[in-house]
Every structure is written in structure tokens, then in C-alpha cells.
Amino acid sequence: VIGPDGFPVWVNQSDALGQRSIVTGKAVTGAERQALAFYNRAKGALETVEAPEREGQSLEQVVGNAPVGRQAQAKYAPNILQTPEQKRYRQAQRAFTEARLRKESGAAIPTHEYTSDAQTYFAQPGDDPALIEQKRLQRRTVLDGLRFASGRAYDEFYGAPQPEPTGA
């Protein structure tokens with residue numbers, strides 16, 4: 001295994017369980033690197049949506065806790081009539097959807113898929129706090145799946161083994 005100083009250390013097999021191996025195994029594949037690229041895109045989108053924004057609230061909370069009229073504006077109004085927060089929220093939704101769906105199919109994404117993904121994974125007018133939390137956990141599950149699919153590319157890129165899943 002790799003010791004705390006970064007050098008290989010020989011240990012009993014029973015002591016090595018769960019530790020990083022000094023054997024690197026196979027090279028990272030193109031599919032793993034591609035999955036990592038999608039993971040990084042989705043991760044960036046979720047960081048935008050979930051990071052503390054105003055008064056400790058996330059962008060999703062700022063947009064989702066707005067009065068219903070303001071929420072409808074975020075969903076239906078043209079870009080020019082939206083607030084900066086609403087624009088950033090919608091852009092992050094699109095980035096997440098593109099990362100998720102292009103990983104699965106590689107195809108162009110029709111407009112109705114963006115709408116469906118927004119309803120499935122992001123706060124909508126009328127959603128209560130429990131449903132918004134459920135959607136946040138579902139996004140985390142998708143992100144965990146993308147990270148898992150990235151395999152050894154994650155370790156190569158981040159220089160550390162993948163953390164435990166954070167999703168639902």
C-alpha cells in the first residue's frame with residue numbers, strides 16, 4: 001500500500017483492505033476520461049446551484065423561496081426579463097442536464113428533455129422544502145454515478161481516490 005509519506009509499504013493482506021494499492025493496474029481508458037469530463041461539468045453546475053449565495057442561502061433557495069410570481073418569471077419569462085440569479089440558476093440546470101444526458105446517449109438534447117430534467121432535479125414553483133431536498137439528493141445520486149463511471153480517471157485527475165458516495 002501507499003504509506004503516509006507517499007512511498008510503498010509492505011503490509012499483511014488483511015491490513016491492506018481499503019488502502020491504496022501500489023499496483024496501478026490498467027491505464028485509464030478514454031471512456032473513463034470522458035465520464036470524468038461529464039462529472040466535472042455536472043459538479044460545476046451543482047456547485048453553482050448549491051453554494052451559499054445570499055444570507056447563507058444557496059442559489060436554489062434564493063430562486064425557490066421567491067414569491068410564486070417571481071418563480072414563474074424564472075421558469076417562463078424570456079432571458080431579458082429574468083434576474084441575474086434566475087439566469088445563473090437556469091444555466092446551471094442546462095449544464096447539469098447536458099452532462100447527464102450526453103453521458104448517457106451522446107446525442108443532441110431536445111428541448112423537452114431540458115424541461116423534464118428541470119422538473120425532476122431542480123426546484124419548481126410550488127415545490128415544498130421536502131421535495132426540493134429530495135431533488136437535491138437525486139442530483140447528488142446522478143453526480144455519484146458520473147464520478148463512479150470515471151473510474152481511474154478520477155484518481156489521475158484529482159490525485160486521490162474517489163470519496164464515498166454522497167447521494168441518497
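**Entry 1: P125**

I started at P125, which sits in the loop between α6 and α7. I am working from a predicted model, so every value here is computed from predicted coordinates.

Next I looked for what P125 touches beyond its sequence neighbours. Leaving out residues up to four places away, I noted Q71, A72 and K75. I also checked P125 against G64: the two are 61 residues apart along the chain, and their C-alpha atoms are separated by 7.0 Å.

**Entry 2: N65**

From G64 I stepped along to N65, which I found in the loop between α3 and α4, with α4 spanning 68-76. Which residues does N65 touch, if those up to four places away in sequence are not counted? My list reads Q57, E60 and Q71. Q71 was already in my notes as a contact of P125.

I then looked up the pair N65 and D128. They lie 63 residues apart in sequence, while 9.2 Å separates them in space, C-alpha to C-alpha.

**Entry 3: the whole chain**

Time to zoom out, I thought. I counted eight helices and two strands in the protein. Read from the N terminus, the order of elements is α-α-β-β-α-α-α-α-α-α. Of the 168 residues, 33% count as buried.

Taking contacts between residues at least 6 apart in sequence, I got 52% that join residues at least 24 apart.

**Entry 4: the largest nonpolar core**

As general background, nonpolar side chains in soluble globular proteins tend to be buried together. Here I went to the largest nonpolar core, which has 25 residues. Which of its members touch the most other members? They are Y39, A42, Y89, F96, F122 and L146. I saw that α2 (30-50), α3 (59-64), α5 (84-104), α7 (129-149) and α8 (152-158) each supply at least two residues of this core. The most come from α2, which gives seven.

Setting aside residues up to four places away in sequence, I have Y39 touching L143, L146, R147, Y154 and Y158.

**Entry 5: α2 against α7**

The axes come within 7 Å and cross at roughly 155°. Angles over 145 degrees count as roughly antiparallel, so that is how α2 and α7 run relative to each other. I logged the crossing as left-handed.

Sorted by class, the contact holds nine nonpolar, no polar and seven charged residues.

**Entry 6: α5 against α7**

I turned to α5 next. It packs with α7 at an angle of about 50°, the axes being 11 Å apart. That makes α5 oblique to α7. I noted a left-handed crossing for α5 and α7.

Here F96, R100 and K103 in α5 meet R139, V142, L146 and A149 in α7. By class I got four nonpolar, no polar and three charged residues.

**Entry 7: α6 against α7**

One more partner of α7 was on my list. I found helix α6 (residues 111-121) packing with α7 at about 115°, with axes 8 Å apart. Q119, T120 and Y121 in α6 meet K135, Q138, R139 and V142 in α7. How many polar residues does this contact have? I counted three polar, along with two nonpolar and two charged.

**Entry 8: E156**

I ended in helix α8, with E156. Its relative accessibility came out at 46%, so E156 counts as partly exposed. Leaving aside neighbours within four places in sequence, I have E156 in contact with V28 and R33. E156 and R33 are 123 residues apart in sequence, and I get 9.5 Å between them in space, C-alpha to C-alpha.

Conventions: Residues are numbered from 1 along each chain as its sequence is written. This is a predicted model: local features need pLDDT of at least 70, side-chain atom pairs count only at pLDDT 80 or more; totals for chains, interfaces and linings use all residues. Side-chain values use heavy atoms; hydrogens and water are left out. A nonpolar core is a set of buried Ala, Val, Leu, Ile, Met, Phe, Trp, Tyr and Cys residues joined through side-chain atoms within 4.5 Å. Buried means under 20% relative accessible area, exposed over 50%, partly exposed in between (1.4 Å probe, protein chains only). Helices (H or I, at least four residues) and strands (E, at least two) are DSSP runs, numbered from the N terminus. Contact means heavy atoms within 4.5 Å. Axes are lines fitted to C-alpha atoms, for helices over the stretch in contact, and angles run from 0 to 180 degrees between N-to-C directions. Angles under 35 degrees count as roughly parallel, over 145 as roughly antiparallel, 65 to 115 as roughly perpendicular and the rest as oblique. A crossing is left-handed if the near helix is turned anticlockwise from the far one by less than a right angle, and right-handed if clockwise. Ala, Val, Leu, Ile, Met, Phe, Trp, Tyr, Cys and Pro count as nonpolar, Asp, Glu, Lys and Arg as charged, and the others, Gly among them, as polar.
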